[in-house]
Amino acid sequence: MLANQIGYYSLILGLLLSVLLCVVSIKDLNRSSKQINQNVLSLSFLQLVFVIVSFLSLIISFINSDFSNETVFNNSHTTKPLFYKISGTWGNHEGSLLLWLLVLTLFIFLFLIKSKEQPKKYRILTLLFQQIIIIGFFLFVLMTSNPFNYLFPIPNEGLGLNPILQDPALAIHPPILYLGYVGTSIIFSSSLAAVTQNYVSKQWGQHIKKWVLVSWIFLTIGIMLGSIWAYYELGWGGFWFWDPVENVSLMPWLTLTALLHCIAALERRDALTSWVVILSITTFTLSMCGTFLVRSGILNSVHTFANDPARGIFILIFLFALIVLSLGIFFIFHRENNKRLNNFFWLSRETSILINNWFMMYFLSVVLIGTVYPIFLDVISSEKISVGPPFYQKLIVPFLIPFLLFMSLGPRLKWIKSKIENKNSLIVIFIASLILTFFIIKNLTTDLLFYTVLISAAFFLFFTTLKELFIKKFNNISQTVSHLGFSLLILSILFNSILSSEIITNIKIGEKYDYDKGEIFFKKIEEIKESNFNSIIASFEIKDKNGKTIELKPEIRIYNQPVIITSEADIRTTLLEDKFLVMNLVKGNEYFNIRYQVKPFMVWIWISILLLSLGGLMSLFKRKT
Amino acid sequence: MKNKFNLFVAVIFVSFCFVIFYKGLNNSNIYAPKINDKKSIPIFEAKDFNSSAYLNSKKIFEEDTFFIVNIWASWCVPCRTEHPLLMRLSKNQSVKLIGLNYRDDPNNAKKFINEFGNPYSQIIIDNDGALSIEFGAYGVPETFIIDKNKKIIRKFIGPINEEIVEEIKLIIK
């Protein structure tokens, strides 16, 4: 009750502070002092404190199961374990928007204290742009999605948290993802500020690179956590489904990755300024666009919390206001200083970064079209279609071949003008990759030529980066680690998809099922009661052709609040392969439907993504020395 | 000059996207899956909203007429928007509306009915949401059309609108 009031009023105070901050900083803009007025910093800190207080009070309402709060009532239940009561705070529309606000205010405060050596006007303008976004979100929260709505009469019990959201990976997925996703706002604000001040330069590049890296690392790990959740919890045995929501997190990742590479060109060579600015703007616009697509209910997906048109219209108008603002600023203020910059030889580091950009833009447009085309078609011809994985695979996978090849060559080039060194060793590595691939996959797939070329391109990148890592230690190690991670990622995904096998059958207790590589024995089931669900745990013995037996225990959970039946897969992970077993009830029958999958190199997908972000982390800390 | 042209193209493109998204917002959300093999209504026993007596599904769907099963709750905001349309449908003689009160507080539900009117010839209570799952519902509100053979012939996910009301009227003619 009390927490509710405190939370609500601190939100309003936070909004008022935004307005105050704008006034104070505009005044400060015209003052001649070199440093920002101390009041601005204090106000920004105070704003952050209010948002934190508001967020904490929502958490407290969740912990106390205070059902006089509508958000708590809709998303919690007294029988939930404490951990999921807390994570329920951001597992819903209102709470996650509060998290948005928290990240927005946190980042601008950190920006202000971390950018003391930057020009004053630039810092103040960044603050102003960020405050525009913050005010927009304050209004959005207060007007359409207040997390502190009061319910009377007070219900005795809440409606419960969707069971598929009750998972440890998913509990930390939103905060991590948001740090990256919303963190791009600071890149947006500061690049707009830099454009107006004509400050898109080497110094700016060095300064903003940290922020790009931070967002990129969090976004990468956040996407991975979501993917891990999908793999372990959804029980479909995959890790990426090209669901619209996955796509909207991938799109800013693609532009952010391109931006990361462009920033390198900017900080060394003062080049590609237009690219940097446009990518900064696009990244955040795509984040906002994603929020719009997901929260307005215009797309149907797991993340669509509520279908409320008022919310959709608000974000839509806000989104387009931001786009128009940034386009306007870009066209009015941005001047590309052509003279000294864009003279580089065709074979140079700059060119390879440009090529990388165009690949990223291509992947982005594929994902973007796949995601929004159904909406356009629906509006224009009222025909409903859904775009599935084959579309993305057909359009993306073949282009990975040149992409991987360029990626192995690009980093070896020097700025301005270069030639390829060690041609012989490269050719040797390439031929070795080809032969290796051919022998590995010759019996595995029908489409031999295509896969040989594709996988050897991945191996080529893998070996060249590996060689770099061990032989030239002085070189750009963070980049090499990231690229190694990427090649490993592509390799594990490819081998995973080629080598996966699956058995689907109906089976009853005590029965044995034989297949060409072993047998599955359904031993028994037992029932267990937990506070928030009842579960049926089955026990299977699986014998492979070498006679090795493992026991897998998939589970069916019947959650009580709300009543939802979920299947929990049992997964045995080893370094080489995952064994994945999931079962379902067959209605009115003693049989259970089971799906048994052997998925090689699953764990390497997560390892390689971690390696990818480790590279980013190394680059972040290298800056300081 | 080139700059102005770019600006012009950008503005046109952005406005186009805005219009599409704006329109998309208004016409989405209702998604009517095609039901290929017509499903029979589930057999169940449920509490009556007014008398708290237990009713058999056979008894509820006894009459030889079309039925509309509407899943609703007092806490569900879209239910409020579709309520006037249900009121209008209830005046139609060739169909009976059955309300399925989904996971609701009985007092709130009564208040809701008193305030907005009662379009249903019968309301049954679905306290734990299990009955709605039996019907194959994804959430609230949802509307099912049941023909004289007691088969579910159509279902609408999300609040119904004018167009759907017209479609329902065509079906039950």
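Biologist: Is Trp100(A) buried or exposed?
Modeller: This is a predicted model, and in it Trp100(A) counts as buried because it has 23 C-beta neighbours inside 10 Å. The cut-off for buried is 20 or more.

Biologist: OK, and where is Trp100(A) in chain A?
Modeller: Trp100(A) sits in helix 5 of chain A, which covers residues 93-114.

Biologist: Which residues does Trp100(A) touch, leaving out those up to four places away in sequence?
Modeller: Those are Phe137(A), Tyr178(A) and Val182(A).

Biologist: What separates the C-alpha atoms of Trp100(A) and Leu179(A)?
Modeller: They're 8.6 Å apart, while along the chain the two residues are 79 residues apart.

Biologist: New topic. What's up with the phi of Leu272(A)?
Modeller: That phi is positive, near 60 degrees, and Leu272(A) is a residue other than glycine. You'll find Leu272(A) in the loop between helix 10 (244-269) and helix 11 (273-295) of chain A.

Biologist: And why does Leu272(A) count as buried?
Modeller: Because 25 other C-beta atoms lie within 10 Å of Leu272(A).

Biologist: Over to chain B: what about the phi of Lys150(B)?
Modeller: Lys150(B) isn't a glycine either, yet its phi is positive, about 65 degrees. Lys150(B) belongs to the loop between strand 7 (142-146) and strand 8 (151-157) of chain B.

Biologist: How many other C-beta atoms are within 10 Å of Lys150(B)?
Modeller: There are 15, so Lys150(B) is partly exposed.

Key
Residues numbered from 1 in each chain as written. Chains lettered and ligands numbered in written order. Predicted model: local features only at pLDDT ≥ 70, side-chain atom pairs only at ≥ 80, totals over all residues. Helix = DSSP H or I, 4+ residues; strand = E, 2+ residues; numbered from the N terminus. Buried ≥ 20, exposed ≤ 12 C-beta atoms within 10 Å, placed from the backbone. Contact = placed C-beta atoms within 7 Å.
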